Amino acid sequence: MKINGICNLAVLSFFSCIIMACSSSGGDGDDSPPPDDPVAAPTAATLVFPENNTECTEGNVISETRSSVTFRWNAAQNADSYELNVINLNTSVASRTTTANNEASFSINRGTPYEWFVVSRANGTTETATSSTFRFFNEGPGIENYAPFPAEAVNPARGANLASTATVTLEWSASDVDDDIEQYEVFFGTEANPTNSLGTTTDTSIADVAVTSGNTYYWTVTTTDSQGNTSTSEVFQFRVN
């Protein structure tokens, strides 16, 4: 009888250990916390003001040369903050500021062309979203007719690498607040600051421009309006492989 009692105690101890082990394991063998949900990437903001290809007349005049303009955009989904970028198209100097709101004020030059865009950011992720880019002229004292905006490269795109070819078509886009562009002059060559003129045109493209494989080419566009105002684009470049 004593032996049987010992055996019964051993059996009970064995089953008690199994039950305790199962209880401590939570029943599924994994007591780690569930992973955090991934942070949703922000969407691109929609720009509101200053409007694209217009004259901005709503700034607060600070001096003869400066005014304060409030840039506005619609809130983007999942965004916690925004980086506003404002670029002086005459100097290519960029100014930036970060805000949690969907507007920000900047002091900028009067009578000067600018472009602007907004980058949406979210806490907990490195993913961002960039809005479209708007261009505008900031109103200046006594200005009745504005110079055209600097032309933008369409084809070849900036920094493009083209397959071997004997000719290319240069294509660009341009706009003017006064809508009175009259002509374009294109400068093209292998030097970083091209001086060879391909002539003037009223079109926004020049076809059959001769090129040679293995060379990098540079080109600029000077735009002229009916009042003789001009603007010169940045230097675009592409390579023919």
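These legends accompany several close-up views of a predicted model.

Local features are described only at pLDDT of at least 70 and side-chain atom pairs only at pLDDT 80 or more, while totals for chains, interfaces and linings use all residues. Residues are numbered from 1 along each chain as its sequence is written, and side-chain values use heavy atoms, leaving out hydrogens and water.

View 1. Helices (H or I, at least four residues) and strands (E, at least two) are DSSP runs, numbered from the N terminus. Of the 241 residues, 34% count as buried, that is, under 20% relative accessible area with a 1.4 Å probe and protein chains only; exposed means over 50%, and partly exposed lies in between.

**View 2. Here is the largest nonpolar core, with 20 residues.** Such a core is a set of buried Ala, Val, Leu, Ile, Met, Phe, Trp, Tyr and Cys residues joined through side-chain atoms within 4.5 Å. Phe71, Trp73, Leu84, Val86, Ile108, Trp116 and Val118 have the most contacts inside this core. Among the elements giving it two or more residues are β4 (66–74), β5 (81–88) and β8 (112–121). Another core, of 17 residues, lies apart from it and includes Leu170, Val209, Val211 and Tyr217.

**View 3. Leu89, Glu115, Arg135, Arg158 and Glu234 lie nearest the centre of the largest pocket.** On a 1 Å grid over the protein atoms alone, a pocket is an open set of points where a 1.4 Å probe fits, with protein on both sides within 12 Å along at least five of seven lines; lining residues have an atom within 4 Å of a point. This pocket holds about 360 Å³ of space, a volume being the space filled by probe spheres set on the points, which are joined across faces, edges and corners. Its lining has 15 residues.

**View 4. Thr98 sits in strand β6 (residues 94–99).** With 53% relative accessibility, Thr98 counts as exposed. Leaving aside residues up to four places away in sequence, Thr98 touches Ser81, Tyr82 and Glu83, where contact means heavy atoms within 4.5 Å.

View 5. Asn53 is found in the loop between β1 and β2 and has a positive phi of about 55° although it is not a glycine.
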